[in-house]
Amino acid sequence: MSGEASAPGVSPRAPRPGTQKSSGAVTKKGDRAAKEKPVTVLQPVGEEEPKNPEEYQCTGVLETDFAELCTRSGYTDFPKVVPRPRPHPAFVPSASMSEKPALDDQRLSGSCSLNSLESKYVFFRPTVQVELEPEDKSVKEVFIRGWKVEERILGIFSTCLPPLSQLQAIHLWKVGLTDKTLSTFIALLPLCASTLRKVSLEGNPLPEQSYHKLMALDSTISHLSLRNNDIDDHGAQLLGQALSTLHSCNRSLVSLNLGFNHIGDAGAGYIADGLRLNRALLWLSLAHNRIQDQGALKLAEVLRPFELTHTEVVERRRLLLEKGSQERSRSPSSSRHGDSKGEKNPFTGVSNVALSEKPDKTPATKTLKGLGKKKDKSGDGAKREEKPGSGQSPTQGTLKKEDTKASKGKVTIPEQKPSKGKGPKIGNKEKRSFLLESEHGGQRARPWAEPLGSAAGVLLLQQLVSEPSEVVNPLLEPVEHREGKVFMPGNKVLLHLNLTRNRITEVGLEGFLATVQHQAQFSKSKSAAKGPVGLLCLSLAKNYFSPQCPTYTMIQELMLPRDPISKAKPREEEPLASST
């Protein structure tokens, strides 16, 4: 019985006691150790690979790079990169196709299933839409719409977007940005290609309204859209300060869209303060806001001559004195030293002007060769010129000829103008006359000094953005003195202003009428050819006044010949009329 009771407790495959049991135990432990070793060693290596996206080398193909980086970051379900959908043209069925739909409709109605519904609504799935170049299929624009962009996704974009050499724009619409993720996004922008100039953040309200960080002094963004972000007067104040202050100014932003926000009169005043000293912004939209007459009057005021405040006058005087000290340090103190600039250097036998032009080797050699040929052909005239320096080489003789008779040399006149023009004009009298000359003239040419009053001028905006040059501080512009007050000429760089659907009445229209009349008169004057002429398009429709208002009618009549679009329409209609 004892044997029978113990039998069921023993496994039928259990080894007998002895050496086999011990050896079997050893083999089992060895098998377990052999199986555990590759698990403990190889498994962490396999886990590190998907958790280290930094080790991945991007290929420049956004679809491949984004999917691989999402997989390495631990995402199992992530948006796909797809081409941006295009609207299909209107479909007109032919007569031959009108006979077939009966059978097809029956088949489709019977095959309606979950798969067909999913394929029907595939457009609403989270995706990363891209606009491709038609030639090389490189990514030109990136669109993210309707799904939350987290910190990790922005980290992935900071890795896969910089290799895109043709990237021009990033559009984020209702992606749930926060102030923290916005800072991460701003840090991403300098890593991208230099062609990235347009950023659109629409439908992303932020508690701290820190959109002004996109307009920092080191920002390269040229086109910024901030529609539907619930920006109020506080946010407008931060944006106005980013446009310009007394000591800083944004010089890269060309267009700013602030439509569909909550900006009121105070916010419009802050934007107007930013336009006082900003000479880069060409296009501004404040449509669908809460701006009333006070805000409209402040915007209209900065577009015509306005009075400088006390702090602005003090800053202007400081800049004038600083500019004068710089000019005096660059130029010699007396006219004798100015004349000695073109004299011969006793150590080398070559004039100082020639030494300053030494980096331009090819033009200098051509000039010397051309002058040598002319000297050989001139005969007696050349010998007379060589008499004062008979012991000099032909090269030295030609250089002396350039110094003594610069007015006759056609090639060297443009090169000697800066060096000789400053010498005699700037001397001991500069201390007295510099401030007066700066008040009435002497403004340098600006990069926008182009005929922008035509339709072709609007097409030059991209060139103005892509060709940065030195911009003069607006406080150094020529001013006008009236009754002891200093008036600046106003902002005439802004070309487009949209104030559609606000709360402006006829009181605010009077301010814009005065502005448009002044700019129209200024554009007809001779001084308009030296710089911008002011607004080319002013939108004031759908406000709190009648469309038949006389003031509004006068504004439209004055703006009609200035609008490049209205000028282009009659030109397009003329060929059509002639063909008919």
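Buried means under 20% relative accessible area, exposed over 50% and partly exposed in between, computed with a 1.4 Å probe on protein chains only. The views below show a predicted model, in which local features need pLDDT of at least 70, side-chain atom pairs count only at pLDDT 80 or more, and totals for chains, interfaces and linings use all residues. Residues are numbered from 1 along each chain as its sequence is written, and side-chain values use heavy atoms, with hydrogens and water left out.

View A. Helices (H or I, at least four residues) and strands (E, at least two) are DSSP runs numbered from the N terminus, and two strands pair if DSSP finds at least two bridges between them. Five of the six residues of strand 2 (residues 127-132) are buried, so this strand is largely enclosed by the rest of the structure. Strand 1 (residues 80-83) runs parallel to strand 2 and is joined to it by four bridges, with Gln129 of strand 2 as the bridge partner of Val82. Strand 3 (residues 139-145) pairs with strand 2 in the antiparallel sense over five bridges, and in strand 3 it is Val139 that stands opposite Leu132. Strand 2 and strand 3 form a hairpin with six residues between them, and Lys137 in the turn has a positive phi of about 60°.

**View B. The surroundings of Met215.** Met215 lies in the loop between strand 5 (198-202) and strand 6 (223-225), and with a relative accessible area of 3% this residue is buried. Not counting residues up to four places away in sequence, Met215 touches Leu224, Leu239, Ala242, Leu243, Asn250 and Leu253, where contact means heavy atoms within 4.5 Å. From C-alpha to C-alpha, Met215 and Ile186 are 10.0 Å apart in space and 29 residues apart in sequence.

**View C. Packing of helix 9 against helix 10.** Helix 9 (residues 265-276) and helix 10 (residues 293-301) pack at an angle of about 5°, with their axes 8 Å apart. The contact is made by Asp265, Ala268, Gly269, Ile271, Ala272 and Leu275 of helix 9, and by Asp293, Gln294, Gly295, Lys298 and Leu299 of helix 10. Axes are lines fitted to C-alpha atoms, for helices over the stretch in contact, and angles run from 0 to 180 degrees between N-to-C directions.

View D. An open sheet of three strands has the order 9-11-10, with antiparallel pairing. Strand 9 (306-307) and strand 10 (480-482) stand at the edges, each with a single partner strand, so one side of each is left without a neighbour in the sheet. Strand 10 and strand 11 (residues 485-488) pair in the antiparallel sense over three bridges, and Lys485 in strand 11 stands opposite Arg482. The loop between strand 10 and strand 11 holds Glu483, which counts as exposed at 82% relative accessibility. Although Glu483 is not a glycine, this residue has a positive phi of about 50°.

**View E. Lys542 in a loop.** Lys542 lies in the loop between strand 13 (537-539) and helix 22 (550-559), and this residue is exposed, with a relative accessible area of 54%. Lys542 is not a glycine, yet has a positive phi of about 60°.
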